[in-house]
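Please open the model in your viewer and keep the selection panel at hand.

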Amino acid sequence: KGRILSGVQPTGNLHLGNYLGAIRNFARLQNDYECLYCVVDQHAITVWQDPAQLAAQTREIASAFLAAGVDGNKQIIFNQSMVPEHAQLAWIFNCVARMGWMSRMTQFKEKAGKDRENVSLGLFAYPALMAADILIYKATHVPVGEDQKQHLELTRDIAIKFNNDFSQPDFFPITEPLIFGAATRVMSLRDGTKKMSKSDPSDYSRINLTDDADAIAQKIRRAKTDPLPMPDTLEDAEKRPDADNLLGIYAALADQEKDAVVAQFAGRQFSEFKTALTELAVAKLGPIGAEMQRLMKDPGHVDGVLRNGAQRARAIAAPILDEVYRTVGFLRP
Ligand code: ATP
Ligand code: MG
């Protein structure tokens with residue numbers, strides 16, 4: 001059995017892209033792997049977070065894992081800062097990764113924008129901490145959305161370099177990304193060329209998992225489309241990013257292939273399709289949102305899941321960190 005590690009940042013506004021690209025797959029993989037699902041609070045603070053909100057958002061993400069069907073008794077659900085071994089290994093990886101590798105990361109370039117002088121050093125080092133999140137458990141597989149592919153490649157490069165630098169070819173595994181489903185990259189509802197994101201200032205750009213039926217309906221009604229009727233081939237759809245995005249969302253929520261959805265709505269009006277999409281989205285997301293709301297009213301329970309998860313995670317991480325420290329040549333107590 002392989003071991004999975006995946007994380008979600010408690011940066012607020014958990015959305016449909018997070019669900020279809022990552023969280024839904026967490027539950028689907030849990031019978032075939034040993035799974036660790038992490039709320040990565042240390043990644044979140046690479047951009048300033050209000051402390052009281054950060055705590056609430058951490059519970060929100062943990063609630064989403066549970067509401068999506070992850071079993072917190074069988075699998076390990078925890079928050080990153082409760083397992084200090086992540087940050088400890090990250091320092092070593094800061095010394096393994098090269099400036100040039102980090103400079104090529106598109107997420108950094110996008111998030112830093114033009115004002116590179118004023119972003120945190122943590123934002124630049126983010127992928128080294130992410131590599132540590134994964135490799136502190138020697139995880140073999142990482143379910144993520146398409147946008148994290150480049151960071152996963154960097155994780156592999158770090159593992160390979162560490163293994164070479166310390167002449168231990170099999171020390172860290174070469175981790176495989178698991179990117180699957182009909183919506184591995186959900187786009188903004190306002191702009192089909194931009195990723196749906198927690199940090200997009202427009203709430204109309206995304207469907208949040210905690211949105212009620214009215215909000216979902218309104219956002220889908222307002223979603224950007226082009227003036228033509230629905231595409232009639234997959235090829236036609238792929239040339240029209242806004243239409244393609246909505247079709248991908250429908251396919252993922254319905255657990256169908258996208259070409260079947262294209263065939264079903266070919267040549268129809270968008271208004272008709274949007275009504276069907278709204279119904280489907282409300283049916284699939286409503287119960288998850290409701291369960292999240294219920295869990296968020298019970299922070300004691302959620303905190304218990306996180307504490308218990310962190311204990312079990314540390315039991316795996318501590319001996320691996322010890323082995324890493326010895327390999328590097330650090331004296332041990
Ligand atoms: P932020 O804007 O704060 O970076 P985010 O929406 O990118 O937030 P993350 O916490 O960085 O969310 O990512 C959590 C998981 O969700 C990752 O596996 C990521 O690949 C996936 N993910 C994020 N956005 C999308 C998307 N639009 N479509 C599919 N998967 C996504
Ligand atoms: Mg992100």
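How do the residues of the shell around ligand 1 divide into nonpolar, polar and charged? They comprise six nonpolar, 10 polar and four charged residues; Ala, Val, Leu, Ile, Met, Phe, Trp, Tyr, Cys and Pro count as nonpolar, Asp, Glu, Lys and Arg as charged, and the others, Gly among them, as polar.

This is a predicted model, in which local features need pLDDT of at least 70 and side-chain atom pairs count only at pLDDT 80 or more, while totals for chains, interfaces and linings use all residues. Residues are numbered from 1 along each chain as its sequence is written, and chains are lettered from A and ligands numbered from 1 in the order in which they are written.

Select ligand 1 and the 20 residues around it, each with its C-beta atom, placed from the backbone, within 6 Å of the ligand. Gln9, Gly17, Gly21, Gly145 and Lys198 come nearest. Next, select helix H1 (residues 16–29), which supplies five residues, the largest share of this shell; helices are DSSP runs of H or I with at least four residues, and strands are runs of E with at least two, numbered from the N terminus.

Move on to Gly248 in helix H11 (residues 241–254). Gly248 is buried, because 21 other C-beta atoms lie within 10 Å; the cut-off for buried is 20 or more, with C-beta atoms placed from the backbone. Beyond its neighbours within four places in sequence, Gly248 is in contact with Ala182, Ala183 and Lys258, contact being C-beta atoms, placed from the backbone, within 7 Å.

Finally, display the whole chain: its secondary structure comes to 14 helices and five strands, and 42% of its 333 residues count as buried.

Note on methods: A residue is buried if 20 or more other C-beta atoms lie within 10 Å of its own, exposed if 12 or fewer, and partly exposed in between; C-beta atoms are placed from the backbone. Two residues are in contact if their C-beta atoms, placed from the backbone, lie within 7 Å.
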